Amino acid sequence: MGAEFTARRLEPDLVWVEVRGEIDIRNARALYSFTHRQLDGARRVALDLAAVEFFGAVGLAVLDDLDERVRDLNARWAFLSGRPVQRLLRVADAAVAARSYKTREGVLAALSLP
């Protein structure tokens, strides 16, 4: 099936990235590249994985890399996770798992400006 990635600016420094389909070894690199490109000019990134039907372990590496890159840029990120992602979060890095929310409102609240 593959995956589709879209991004839209909700605010000048906030981008919402939506992922649909399956994340596996065939397209994890594409997800990595797409999410990293969205960091250009964004101080806050929301990653919507709610419509992901399959999330392979390689997806955790993408989330770990994104977490590291966001910290390097002194930016913030959070993500909306569906059931396939939540299953893998049990073995994820605690810093990444802590950025997971079950609602869009939770993600946006986590990224709201102080």
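Residues 24 or more positions apart account for 66% of the contacts in the chain with a separation of 6 or more, a contact being heavy atoms within 4.5 Å. The model is predicted, so local features need pLDDT of at least 70 and side-chain atom pairs count only at pLDDT 80 or more, while totals for chains, interfaces and linings use all residues. Residues are numbered from 1 along each chain as its sequence is written, and side-chain values use heavy atoms, with hydrogens and water left out.

**Overall architecture**

- The chain holds five helices and five strands, where helices (H or I, at least four residues) and strands (E, at least two) are DSSP runs numbered from the N terminus.
- Along the sequence these elements follow the pattern β-β-α-β-α-β-α-α-β-α, and the radius of gyration of the chain, 13 Å, is close to the 13 Å that the globule rule gives for 114 residues, so the chain is as compact as a globular protein of that length. The radius is taken over C-alpha atoms, and the rule is 2.2 Å times the number of residues to the power 0.38.
- Taken along the principal axes, the C-alpha atoms fill a box of roughly 35 × 25 × 25 Å.
- Of the 114 residues, 46% count as buried, that is, under 20% relative accessible area with a 1.4 Å probe and protein chains only.
- The accessible surface comes to about 6100 Å², of which 50% belongs to carbon and sulfur atoms; the areas come from the Shrake-Rupley method with a 1.4 Å probe, and for residues only the protein chains shown count as cover.

**Strand pairing and crossovers**

- Strands S1 (residues 3–11) and S2 run antiparallel and are joined by eight bridges, with a hairpin of two residues linking S1 to S2 and Arg9 standing opposite Val15 in S2; two strands pair if DSSP finds at least two bridges between them.
- S2 (residues 14–23) is largely enclosed by the rest of the structure, because eight of its ten residues are buried.
- S2 and S3 pair in the parallel sense over nine bridges, Ile23 standing opposite Phe55 in S3, and together with helix H1 (residues 28–38) these strands make a right-handed β-α-β unit. Right-handed here means that, with the strands pointing away from the viewer, the path from the first strand over the helix to the second runs clockwise.
- S3 (residues 44–55) pairs with S4 in the parallel sense over six bridges, Leu49 having Ser81 as its bridge partner in S4, and a right-handed β-α-β unit is also made by S3, helix H2 (residues 57–72) and S4.
- S4 (residues 76–81) is mostly covered, with five of its six residues buried, and its parallel pairing with S5 (residues 100–101) extends over two bridges, where Phe79 stands opposite Ser100.

**Nonpolar cores and a buried aspartate**

- The largest nonpolar core has 27 residues, of which Val19, Leu47, Leu49, Phe55, Leu63, Trp77 and Phe79 touch the most other members; S2, H1, S3, H2, S4 and helix H3 (83–89) each supply at least two residues of this core. Such a core is a set of buried Ala, Val, Leu, Ile, Met, Phe, Trp, Tyr and Cys residues joined through side-chain atoms within 4.5 Å.
- Leaving aside neighbours within four places in sequence, Leu63 is in contact with Leu47, Leu49, Phe55, Trp77, Phe79 and Val96.
- Asp67, placed in helix H2, counts as buried at 2% relative accessibility, and, not counting residues up to four places away in sequence, Asp67 touches Trp77, Ala95, Val96 and Arg99.

Terms used. Buried means under 20% relative accessible area, exposed over 50%, partly exposed in between (1.4 Å probe, protein chains only).
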